[in-house]
Amino acid sequence: LSSPGASSANLPFYPLVERFSEAHNSSIMCDVFWTVVSLDRSFLMAAAPSAEQSKNQSSAEEYFELGVEALQTGRLDEAIEYLTKAIQLNPDFAEAYNHRGNAYLRKKELDRAIQDFNRVIELKPDWTEAYLTRSMAYLQKRDLEKAFSDFNEARKLDPNNEKFLLLGGALYALKREWQSAIDNFTKGVEFLEGTKTSERLLALFYEIRGICYFALHVWENAIADFTKALEKNAQMTEAYTMRGRVYVLKKELKKAAADYHKALKLNPNEADVHLLGGILYGFKRKLKKAIAECNKAVKLEPNLREAWLLRGFLYLDTGVWQDAVSDFNKTIELDSKCAEAYFTRAAVYYSVDALEMALQDAATLEEIVTETKDKARLEILKGKLALAENKFPEAIQHFQKAGALSPTEIITHLWRIY
């Protein structure tokens, strides 16, 4: 097998920089939930509404108070122990279940948290905060349908609560309904600007709205929101890295480099910072530095799929196709639906005459691609593979389908066909 000898002109940096880690995005959205629900301590630690006086025993109340104190100071295991004792003494103690559920949620013991929130809702079906916290648990389990259902139930119970605009924005963003997310965040930010809300909280929401604009490729709005976030909180590493990615896409590499160095100074141990460095150096054709940045990123965060994907592109560009394929394999291991990894790996297999393996990747892509442009790319790939097997009528059909799906895409690839 010979080296595919990839050209720098073919490096798909743009598809990479336009994507961001789903897991990281989910983490951001969970932070949004926690931040908003915690806007005032009384809401997070609110007592459940009740129609009649609680029959808790005094000893259960004492354990409950100890558990709340431990939870507020971050002593989660201790909080769970006290709250469990309170529940044992009073099995209908809704507040104890709720606080223990919060402790489990913060420990990422999501199933236990959901069990406790279920019990709270059985006991107090009109308690808004129980639905919100269960929504957060479902959100972290990536069960968006249930997360949205609980969010909507909470909004029905408290329809005039402006905080739900921000929570709704987070959920819409996770569902990739970007414009709905932006609409919610815009109204929510307008509400927060008129309150005594901390600048750090406002910065977070400007950053999240910027990410939504980023996803829609509305670059100027994205830059404006990331800049606004940094005006509110100059310590936001991610706002620098995200704005730096936009500057790379706009080919404003000096501005991108400035954001990279600011982010690096703020947090040299943040994987996303080194990912930006890899993208930036890749565009500058400083491949050794780019690979070194990717090495740092995967060492700091081994599950950061974009870093593996980018390093695969860089290895391919330096002619080390075996290492490139290894990194694409790792990307797919982390995200079995990462179309870019399959496309590029299939292209490598095609280039080294490993047609059966390329065909397997094409078959997988058939199941996972949904966007019109990607469907056109797939038809081009299948056409090239048919040509390699001397199946000329089949190849023509694939190229015709690609042209119907995306004329621009087929023109871009015409030179490769011949």
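Me: What links D77, K107, E109 and R112 in this structure?

Reply: D77, K107, E109 and R112 are joined in a network of salt bridges. The model is predicted, and it holds 28 salt bridges.

Me: What makes the meeting of the K250 and E220 side chains a salt bridge?

Reply: The cut-off is 4 Å from a side-chain nitrogen of Lys or Arg to a carboxyl oxygen of Asp or Glu. For K250 and E220 the N to O distance is 2.6 Å, so the pair falls within the 4 Å cut-off. Side chains of opposite charge can pair when their charged atoms come close.

Me: Why can the pair K250 and E220 be said to tie parts together?

Reply: K250 sits in the loop between α14 and α15 (253–266), whereas E220 belongs to helix α13, so the bridge ties together parts 30 residues apart in sequence.

Me: Why is K250 called partly exposed?

Reply: Its relative accessible area is 28%. Partly exposed covers what lies between the buried limit of 20% and the exposed limit of 50%, and therefore K250 is given that label.

Me: What makes K330 and E333 a salt bridge, and where do they lie?

Reply: Their side chains meet at 3.3 Å, N to O, which is within the 4 Å cut-off. Both residues lie in helix α19 (residues 321–334), three residues apart, about one turn of the helix.

Me: Are K330 and E333 buried, partly exposed or exposed?

Reply: K330 has 22% relative accessibility, so it counts as partly exposed. E333 has 60% and therefore counts as exposed, the cut-off for exposed being over 50%.

Me: How do you know that R377 and D374 form a salt bridge?

Reply: The N to O distance between their side chains is 3.5 Å, again within 4 Å. R377 and D374 are three residues apart in helix α22 (residues 372–388), so about one helical turn separates them. Both R377 and D374 are buried.

Me: Why is D116 called buried?

Reply: The relative accessibility of D116 is 4%, and buried means under 20%, so the label applies. D116 is found in helix α7 (residues 110–123). Leaving out residues up to four places away in sequence, it touches Y97, R100, G101 and Y104.

Me: Is F64 buried or exposed, and how do you know?

Reply: F64 has a relative accessible area of 10%, so it is buried. This residue is part of helix α4 (residues 58–72). Beyond four places in sequence, F64 touches L83, A86, F93, E95, A96 and H99. F64 and L83 are 19 residues apart in sequence, with 5.4 Å between their C-alpha atoms.

Me: How do you know that the length of helix α13 agrees with what a helix should span?

Reply: At 1.5 Å a residue, the 14 residues of α13 (residues 219–232) should span 20 Å, and its end C-alpha atoms are 20 Å apart, so the two values agree.

Me: Which residues of α13 are buried, and what do they pack against?

Reply: W219, A222, I223, D225, F226, A229, L230 and K232 are buried in α13. The buried residues of this helix pack against α11 (178–193), α12 and α14 (237–249).

Me: What makes a set of residues a nonpolar core, and how many residues has the largest one?

Reply: Such a core consists of buried residues of the nonpolar kinds counted, joined through side-chain atoms within 4.5 Å. The largest nonpolar core has 124 residues, and F185, L365 and L381 have the most contacts inside it. Helix α12 (residues 199–215) gives the most to this core, with 11 residues. Nonpolar side chains tend to be buried together in soluble globular proteins.

Me: What are the secondary structure and the buried share of the chain?

Reply: The protein chain has 24 helices and zero strands. Of its 418 residues, 53% are buried.

Me: Where does pLDDT stay under 50, and what is the mean for the chain?

Reply: The mean pLDDT is 83, and 83% of residues reach 70 or more. pLDDT stays under 50 over residues 18–27, for which the model has 28 contacts beyond four places in sequence. It also stays under 50 over residues 50–56, with six such contacts.

Technical notes: Residues numbered from 1 in each chain as written. Predicted model: local features only at pLDDT ≥ 70, side-chain atom pairs only at ≥ 80, totals over all residues. Heavy atoms only, no water. Buried < 20%, exposed > 50% of the residue type's maximum accessible area, 1.4 Å probe, protein only. Helix = DSSP H or I, 4+ residues; strand = E, 2+ residues; numbered from the N terminus. Expected span 1.5 Å × (residues − 1). Contact = heavy atoms within 4.5 Å. pLDDT = per-residue confidence, 0-100.
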